[in-house]
Amino acid sequence: MSTPRVVVLAGGVGGSKFVLGVRAALRARGVTDTASALTVVVNTGDDLWLSGVRLQPDVDSVTYALAGVNDTERGWGRQGDTERVNHELQEWGAGWPWFTLGDLDLGTHLARTGWLREGLTPTEVLERMSRRWALGARLLPMTDAEVDTVVLLDGDRRLHFQEWWTRHRAALAPIGFDNPGIEAAVPAPGVVEAIAAADVVLVAPSNPVVSIGPILAVPGVREALATTPAPVVGVSPIIGGRVVRGMADVCLSAIGVETSAAAVAAHYGARRDGGVLDAWLIAEEDEAAATEVGGLGIRPLVTPLWMTDAARSSALAEAALAAALPASREGGFSPATDGPDDVTTRA
Ligand code: FO1
């Protein structure tokens, strides 16, 4: 079997679990060198400067998860981390009192910031950091530009996403989101090429607004998705009409999108209509939405979406891969020839 080329667009926590699943599914398919098969384009809208260091939360979540050193309870940071330096920072009144910087995590931020100051780009920094552990995937930031997500509140108030989320737990009703400067950004080196050369592009079940949204907002990414011969297969982050974790429901309602599998599919749009998706994985709890999703011009695939353990994550990833890369010989789904009515509702 030739090595399939898979690109995943991913955010942090849900994205990390899904990426682990894709790596495992590729291994189960007999791909040994998954690093040459799997490219992950990671959201950098969560990024921020704090206490003089550059944080890249989603990049670090995916890196730590693939390295097996992530804090699986919190969903971010390093397992077994300590907070001695963080305590000192708080004593100095430095940084944000509501934001925890673990000691091991600070090692990451210091290494990254040092390399950035030496003139390395975020892409070069990530490539260098990726050498430490056998991640089994190539990680690319969505762009090298700093385009931190800003949450727009009423009265012209604007908050960095991280303050809105970690300090206010998304309790302040947003009226919109912005990534200042993103219109001048370009995809990081390798992003467009990876999408163009892919056999399948997967959209992880990450927050459609503040995780996948910024990736799609980088000029050139949507065009790459529109023109790649690879099917684009997304995974609903909504199960049974509810978000799995995080604040995607608050984000979706702020942009006028209902918190449902079908509404998010419509938000991403069908590729044949200038949108992103060829296929959309929805949970069995949302099977009733399959007809609506098919009517959008997007092929619905009903399959279990809960990533409650590694096996479930791998099974979900395999279901997404199989939509475009049949595990067996029979012909796979091709957007060029198959339409949404070629619905295989049970993946
Ligand atoms: N999330 C929190 O809720 N509280 C924190 O104190 C916090 C610190 C933190 C430090 C480094 C890092 O990479 C992530 C961190 N996160 C924290 C998670 C961060 O807000 C993520 O961007 C979200 O989880 C969304 O992906």
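Student: Which residues line the largest cavity?
Tutor: In this predicted model, local features need pLDDT of at least 70, side-chain atom pairs count only at pLDDT 80 or more, and totals for chains, interfaces and linings use all residues. Residues are numbered from 1 along each chain as its sequence is written, and side-chain values use heavy atoms, leaving out hydrogens and water. The complete lining consists of Leu 50, Ser 51, Asn 86, Leu 89, Gln 90, Ala 94, Gly 95, Trp 96, Phe 99 and Leu 101.

Student: Which element gives the largest share of the lining of the largest pocket?
Tutor: The largest pocket (an open set of points with protein on both sides within 12 Å along at least five of seven lines) has a volume of about 1000 Å³. Its lining comprises 47 residues, and those nearest its centre are Gly 12, Val 13, Trp 76, Trp 165 and Arg 245. The elements supplying two or more residues to this lining are α1, α2, α4 and α6 (161–167). The largest share, five residues, comes from α2.

Student: Which strands stand at the edges of the open sheet of seven strands?
Tutor: Reading across this sheet, the strands (DSSP E runs of at least two residues) follow the order β5-β2-β1-β9-β10-β13-β14 with parallel pairing (at least two bridges between two strands), as set out for the open sheet. Each edge strand has a single partner, so one of its sides is left without a neighbour in the sheet, and the two concerned are β5 (138–141) and β14 (299–302).

Student: At what angle does helix α1 run to β1?
Tutor: Helix α1 (a DSSP H or I run of at least four residues) has 16 residues and reaches 23 Å from its first C-alpha to its last, close to the 22 Å expected at 1.5 Å a residue. Its buried residues (under 20% relative accessible area with a 1.4 Å probe), among them Phe 18, Val 19 and Leu 26, pack against β1, β2, α2, β9, β10 and α13 (310–322). The helix, at residues 13–28, lies across β1 (6–10), β2 (38–42), β9 (200–203) and β10 (232–235), and its direction relative to β1 is about 165°.

Student: Which residue just after α4 takes a positive phi?
Tutor: Helix α4 spans residues 103–117 and, with 15 residues, reaches 21 Å from first C-alpha to last, close to the 21 Å expected. Its buried residues include Leu 106, His 109, Arg 112 and Trp 115, and the elements covering them include β3 (48–50), β4 (53–55), α2 (57–67), α3 (84–92) and α5 (122–130). Just beyond the helix, a positive phi of about 105° is taken by Gly 119.

Student: Why does Leu 225 count as buried?
Tutor: Leu 225 belongs to helix α9, residues 221–227. Apart from residues up to four places away in sequence, Leu 225 touches (heavy atoms within 4.5 Å) Leu 9, Ile 195, Val 201, Leu 216, Val 232, Arg 271 and Val 276. Leu 225 counts as buried because its relative accessibility is 1%.

How values were computed. Axes fitted to C-alpha atoms, helices over the stretch in contact; angles between N-to-C directions. Expected span 1.5 Å × (residues − 1). Buried < 20%, exposed > 50% of the residue type's maximum accessible area, 1.4 Å probe, protein only. 1 Å grid on protein atoms, 1.4 Å probe; cavity = no way out; pocket = protein on both sides within 12 Å on 5 of 7 lines; lining within 4 Å. Points joined across faces, edges and corners; volume = space filled by probe spheres on them.
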